[in-house]
Amino acid sequence: SVGIAPIKMVAKIASAHCKPDGLLEVPPGGVRTFLEPLEVRRIWGVGPVAERRLHERGFRTVGDLARADPEALRRVLGDWGSALARLARGEDLREVEPYRDAVSYSEENTFGEDVTERALLDATILTHAESVARRLRRDEIHARTVVLKLRWARRRSAGPRGYPLITRRVTLRHATDDGDEIAREARALLDQVPLDQAVRLLGVGVTNLVPAQEEQLGLFRGHGRHPRRADLNRALDNIRDRFGSQAVARGAQGDAERAGLSLQIKRGEAEDPEPEADA
């Protein structure tokens, strides 16, 4: 889903408001109109405790906050009450930072049909892990932590967050940029989850990043990077760079359509080359 607005907070709310797979634009003159009927918890930073305090004082909508006496909000939430009133009026001065250093790399997809087969989940994990690993290698980054994310197909409550989300993570002894290792760890994380219901979404990510040149090599065989694996990955990357991302894949990989805009180029990802003209 895509939210478009003149300020960061409203764009984020609009994106959540039009899930799934929608687009919502809030024009500059329509910010207050868009915000006013929303529940107070839709404002960034309002959690269950703050929401309860606001409800006890009669503040239930964003419009209530926008019209409130700043001093009344300060009595409820301290100095943050004044900032909350400004956000409720659509006054958000935070800058969008599109070029921050990456703190994680991830790939995920929502299945066309809810999945119960473990083999398909394993194949999808490998597909995502290989994609994440290619991006790490291109940016010369290694990752120490592998993250598995899945969302159950059975709705538990109303709203876009009504489908339960589970995350599991493991920190490795040695950082890696190898898709096979990332997939192996992600599958081990999946083993920890009771698969007693269908899965709607599956994702694999990495975090705890370090520059490749800072990663120490192990003293003993079996620890750290394996030179032959690194050579293989480099050769596969060269093939994909020349002939496109679909030129070569492992036989066990699934055919997972990545979540995200169809034209989106993610961090560490190269555009597919133009097809060569026939001689």
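Thr176 counts as buried at 3% relative accessibility, where buried means under 20% relative accessible area, exposed over 50% and partly exposed in between, with a 1.4 Å probe and protein chains only. The model described here is predicted, so local features need pLDDT of at least 70, side-chain atom pairs count only at pLDDT 80 or more, and totals for chains, interfaces and linings use all residues. Residues are numbered from 1 along each chain as its sequence is written, and side-chain values use heavy atoms, with hydrogens and water left out.

Thr176 is found in strand 5, which covers residues 165-176. Helices (H or I, at least four residues) and strands (E, at least two) are DSSP runs, numbered from the N terminus. A polar atom of the Thr176 side chain lies 3.0 Å from the backbone nitrogen of Asp178. A polar contact is defined as a pair of N or O atoms within 3.5 Å; within protein, one must be able to donate a hydrogen and the other to accept it, and residues adjacent in sequence count only if both atoms are side-chain atoms. Leaving aside neighbours within four places in sequence, Thr176 is in contact with Leu136, His142, Ala143, Glu181 and Ile182, contact meaning heavy atoms within 4.5 Å.

Arg200 is partly exposed, with a relative accessible area of 24%. Asn208 counts as partly exposed at 36% relative accessibility, and its phi is near 60 degrees, a positive value in a residue other than glycine.

A positive phi in a residue other than glycine is also found at Glu140, where the angle is near 55 degrees. Glu140 lies in the loop between helix 7 (118-138) and strand 4 (141-152). With 53% relative accessibility, Glu140 counts as exposed.

Turning to the helices, helix 6 spans residues 80-88, and its buried residues are Gly81, Ser82, Leu84, Ala85, Leu87 and Ala88. The cover over these buried residues includes helix 1 (8-17), helix 2 (31-35), helix 3 (48-56), helix 4 (62-67) and helix 5 (70-77). Just after helix 6, Gly90 takes a positive phi of about 85 degrees. Gly90 is placed in the loop between helix 6 and strand 3 (104-115), and is buried, with a relative accessible area of 16%. Not counting residues up to four places away in sequence, Gly90 touches Ile7, Val31 and Leu35. The C-alpha atoms of Gly90 and Ile7 are separated by 7.5 Å, while the two residues are 83 residues apart along the chain.

Helix 5 packs against helix 6 at an angle of about 125 degrees, with the axes 7 Å apart. Axes are lines fitted to C-alpha atoms, for helices over the stretch in contact, and angles run from 0 to 180 degrees between N-to-C directions. The two helices, helix 5 and helix 6, are therefore oblique to each other; angles under 35 degrees count as roughly parallel, over 145 as roughly antiparallel, 65 to 115 as roughly perpendicular and the rest as oblique. Pro70, Leu73, Arg74 and Leu77 in helix 5 meet Trp80, Gly81, Ser82, Leu84 and Ala85 in helix 6. By class, this contact of helix 5 with helix 6 has 6 nonpolar, 2 polar and 1 charged residues, with Ala, Val, Leu, Ile, Met, Phe, Trp, Tyr, Cys and Pro counted as nonpolar, Asp, Glu, Lys and Arg as charged, and the others, Gly among them, as polar.

Helix 5 also packs with helix 3, at an angle of about 130 degrees and with the axes 10 Å apart, and helix 3 and helix 5 are therefore oblique to each other. On the helix 3 side Ala50, Arg53 and Leu54 take part, and on the helix 5 side Leu73, Val76 and Leu77. The contact of helix 3 with helix 5 divides into 5 nonpolar, no polar and 1 charged residues.

Over the protein chain there are 9 helices and 6 strands. Buried residues make up 39% of its 279 residues.
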